[in-house]
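Welcome, and thanks for taking a look at this one with us. Please have the sequence and the structure open side by side as you read the briefing below.

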Amino acid sequence: MWEQDIKIDELKEIRMRPNVYFGVGAISKINDIVESLKSKSIDKIIVVSGKNAYKTTGAWDYAEKALKQHNIGYVNYDKITPNPTTHQIDEAVKIAADFGAKAVIAIGGGSPIDAGKSVAILLKYPEKNCSELYGYEFTPEIAAPVVAINLTHGTGTETNRFAVVTIPEKNFKPAIAYDCIYPFASIDDPALMTKLSPEQTLYVSIDAVNHAVEAATTIASSPYSITLAKETIRLVAKYLPEVIKNPENLTARYFLAYASLLGGASFDNGLLHYTHALGHPLSAVKPELSHGLSLAVLLPAVLKYIYKEKSNTLADIFSSVVNETCGSPDEFAKKIEQWIFDLGIKSKLQDEGFTGEDIPKLVDLVYTTPSLELLLSLTPLQNTKEIVTAIYNESLTAYNS
């Protein structure tokens with residue numbers, strides 16, 4: 001069905017990299033990865049992580065053992081928070097530079113890995129800082145090698161060239177995308193993901209869904225990104241309820257991790273549009289707001305507005321969720337919203353402390369934050385402030401309330 005939305009005379013770029021070691025027990029491959037770093041004369045690295053997960057999951061036990069075995073010195077920076085800031089990156093870069101680190105091992109979900117990618121760039125540009133990087137004041141062409149040990153099944157950042165960091169002084173949360181920050185190697189081990197809280201499990205999984213949906217419906221979407229999107233959504237729809245019932249279910253975690261990997265590869269190819277462009281200002285203004293939750297809140301309204309342009313693609317990629325014909329954009333949006341609610345995410349913008357008075361500021365951030373207007377240029381319909389405003393307004397409360 002989605003084939004009807006494809007223009008066969010449009011040239012598409014298909015990206016397939018980097019190497020990802022995937023499956024239960026994949027963390028054991030860190031020894032081979034570290035050995036490869038040592039063969040490239042890398043004898044000092046910085047480990048970038050949050051405060052706890054890199055240890056409580058057991059990932060650090062394997063990484064530290066490998067580093068010691070191959071006589072690679074290391075320094076830790078474990079202050080990365082959700083929605084990491086430029087200040088954290090600059091602090092980590094100074095520690096890394098003073099130590100003489102030549103590579104980065106990032107352990108965690110999207111925040112530590114994105115932070116690690118940013119540190120890797122700035123190690124090669126010591127005269128620059130993170131605000132300049134995310135303010136697009138220079139274009140990096142090189143970065144230190146990054147090893148990504150992924151601990152969540154959502155962002156897909158271990159598969160692609162993207163990173164996101166907040167500039168707190170401006171409430172900006174820009175994205176960057178450079179080939180130099182494709183990870184040198186990545187690890188996706190579902191056994192490291194079983195301790196995710198129920199809320200984190202939901203939010204990261206919906207992040208993967210949004211990556212897939214947007215990548216399948218931009219003007220840059222390709223048969224590859226659409227194919228990946230359909231399987232991403234099918235796997236999340238099937239296995240997320242299983243993990244909510246039993247967080248230790250390794251089979252379900254495995255397929256959610258695979259869905260996340262597919263979603264990451266999907267948007268590495270098809271890129272993103274409305275949901276991320278509008279979601280970033282939400283968590284920039286309220287850093288405590290989970291990125292995945294902000295996307296879940298916005299998704300139904302976004303689908304309503306792009307439905308007419310991409311009805312065939314949306315019907316196909318969501319066929320595992322909505323198995324009957326929808327007669328209107330409103331009907332489709334309501335069905336997807338109900339699915340999100342049934343999974344256990346019931347918040348809308350008002351529930352997270354936003355009001356109608358906040359919307360003009362949010363709209364302004366969409367159009368002033370570096371990189372976000374580029375995402376809007378990829379939407380399948382004409383980008384206007386009126387549509388952005390409407391999506392925010394319609395996400396204040398539930399369609400089904």
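Contact here means heavy atoms within 4.5 Å. With that in mind, Tyr274, Thr275, His276, Leu278, Gly279, His280 and Leu282 of helix H10 meet His291, Ser294, Leu295, Leu298, Leu299, Val302 and Ile306 of helix H11. Do keep in mind that the model is predicted.

**H10 against H11**

- Helix H10 covers residues 274-285, and its axis comes within 8 Å of the axis of H11, the two crossing at roughly 140 degrees.
- That angle makes H10 oblique to H11, since only values over 145 degrees count as roughly antiparallel.
- The crossing in which H10 passes H11 is right-handed.
- Sorted by class, the residues in the contact of H10 with H11 are eight nonpolar and six polar, with no charged ones.

**H11 against H16**

- Helix H16 spans residues 385-394 and packs with H11 at an angle of about 135 degrees, the axes lying 8 Å apart.
- H11 and H16 are therefore oblique to each other, and H11 passes H16 in a right-handed crossing.
- From H11, the contact draws on Leu298, Ala301, Val302, Lys304 and Tyr305, while H16 brings Ile387, Ala390, Ile391, Tyr392 and Glu394.
- By class, this contact of H11 with H16 has eight nonpolar residues, two charged ones and no polar ones.

**A closer look at Lys304**

- Lys304 sits in helix H11, which runs over residues 291-306.
- Which side chain does the side chain of Lys304 make a polar contact with? The partner is the side chain of Asp330, at 3.4 Å.
- Setting aside neighbours within four places in sequence, Lys304 is in contact with Pro329, Asp330, Ala333, Glu394 and Tyr399.
- One of these, Glu394, also belongs to the H16 side of the H11 contact.

**The sheet**

- Six strands make up an open sheet with parallel pairing, and their order is S1-S8-S5-S4-S2-S3.
- Strand S1 (20-22) and strand S3 (73-77) are the edge strands, each pairing on one side only.
- On average, and ignoring direction, neighbouring strands of this sheet are turned by 15 degrees against each other.
- How many bridges join strand S4 to strand S5? There are five, linking residues 103-108 of S4 with residues 146-150 of S5, and the two strands run parallel.
- Ala106 stands opposite Ala148 in S5.

**Helices on the sheet**

- Helix H3 (residues 59-69) lies across strand S2 (44-49), S3, S4 and S5, and runs at about 150 degrees to S3.
- Helix H9 (residues 250-270) also packs on the sheet, where it touches S1 and strand S8 (185-188).
- The direction of H9 makes about 160 degrees with that of S1.

**H4 against H5**

- Helix H4 (residues 86-99) packs with helix H5 (residues 110-124) at an angle of about 55 degrees, with the axes 9 Å apart.
- H4 and H5 are therefore oblique to each other, and H4 passes H5 in a right-handed crossing.
- On the H4 side, Ile89, Asp90, Ala92, Val93, Ala96 and Ala97 meet Ala115, Ser118, Val119, Leu122 and Leu123 of H5.
- Nine nonpolar residues, one polar and one charged make up the contact of H4 with H5.

How values were computed
Residues numbered from 1 in each chain as written. Predicted model: local features only at pLDDT ≥ 70, side-chain atom pairs only at ≥ 80, totals over all residues. Heavy atoms only, no water. Axes fitted to C-alpha atoms, helices over the stretch in contact; angles between N-to-C directions. Helix = DSSP H or I, 4+ residues; strand = E, 2+ residues; numbered from the N terminus. Parallel < 35°, antiparallel > 145°, perpendicular 65-115°, else oblique. Left-handed = near helix turned anticlockwise from the far one by under 90°. Nonpolar A, V, L, I, M, F, W, Y, C, P; charged D, E, K, R; others polar. Pairing = 2+ DSSP bridges. Polar contact = N/O pair within 3.5 Å; in protein donor to acceptor, adjacent residues only side chain to side chain.
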